[in-house]
Amino acid sequence: MRYEMMKFETIRNLRIDNGYTQQQLAEYLHIKQNTYSQYELGILNYPIDVLMKIADFYGVSVDYLLGRTNVKQPYPKK
């Protein structure tokens with residue numbers, strides 16, 4: 001059985017638009033650059049905690065990262 005991997009172009013576009021390298025994001029996330037690259041390529045799924053950290057890094061909502069909304073504003077923190 002083959003599983004469909006999640007690929008989110010928004011995350012790659014945010015990185016490029018903000019002038020960051022994969023290595024910089026990997027260091028922020030405390031992962032290897034190769035792992036981050038595999039996330040962007042859709043080879044590996046983004047773990048929820050990684051999505052949350054990326055959303056915090058860019059100041060956007062996880063829904064924006066996932067392409068569920070065009071609104072970048074993050075939700076208020078509890």
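**Salt bridges, core and surface of a predicted model**

Asp63 and Arg68 meet through their side chains in a salt bridge, with 3.4 Å from N to O. A salt bridge here is a side-chain nitrogen of Lys or Arg within 4 Å of a carboxyl oxygen of Asp or Glu. The model is predicted, so local features need pLDDT of at least 70 and side-chain atom pairs count only at pLDDT 80 or more, while totals for chains, interfaces and linings use all residues. Residues are numbered from 1 along each chain as its sequence is written, and side-chain values use heavy atoms, with hydrogens and water left out.

Asp63 is partly exposed, because its relative accessibility is 23%. Arg68 has 64% and therefore counts as exposed. The cut-offs are under 20% relative accessible area for buried and over 50% for exposed, with partly exposed in between (1.4 Å probe, protein chains only).

The search of the whole structure finds two salt bridges. Arg15 forms one with Glu40, and the closest N and O atoms are 2.7 Å apart. This pair links distant parts of the chain. Arg15 belongs to helix α1 and Glu40 to helix α3, 25 residues apart. Helices (H or I, at least four residues) are DSSP runs, numbered from the N terminus. Both Arg15 and Glu40 are buried.

Glu40 also has a polar partner in Gln22. The side chains of Gln22 and Glu40 are joined by a polar contact of 3.0 Å. Such a contact is a pair of N or O atoms within 3.5 Å; within protein, one must be able to donate a hydrogen and the other to accept it, and residues adjacent in sequence count only if both atoms are side-chain atoms. Gln22 sits in helix α2, which covers residues 22-29. Gln22 counts as buried because its relative accessible area is 17%. Leaving aside residues up to four places away in sequence, Gln22 touches Arg15, Gln33, Tyr36, Ser37 and Glu40. Contact means heavy atoms within 4.5 Å.

Tyr36 leads on to the core. The largest nonpolar core has 17 residues, and Ile11, Tyr36, Tyr46, Ile54, Val60 and Leu65 touch the most other members. Two or more residues come from each of α1 (9-17), α2, α3 (33-41), α4 (48-58) and α5 (62-65). Helix α4 gives the largest share, five residues. A core of this kind is a set of buried Ala, Val, Leu, Ile, Met, Phe, Trp, Tyr and Cys residues joined through side-chain atoms within 4.5 Å. In soluble globular proteins, nonpolar side chains tend to be buried together.

Ser61 lies in the loop between α4 and α5. Its relative accessible area is 3%, so Ser61 is buried. Beyond residues up to four places away in sequence, Ser61 touches Ala55, Thr69, Val71, Lys72, Gln73, Pro74 and Tyr75. The C-alpha atoms of Ser61 and Val71 are separated by 8.0 Å, and the two residues are 10 apart along the chain.

Other residues lie at the surface. His30 is placed in the loop between α2 and α3. With a relative accessible area of 69%, His30 is exposed. His30 is not a glycine, yet has a positive phi of about 60°. Most residues other than glycine have a negative phi. Leu41, in helix α3, is exposed because its relative accessibility is 55%.
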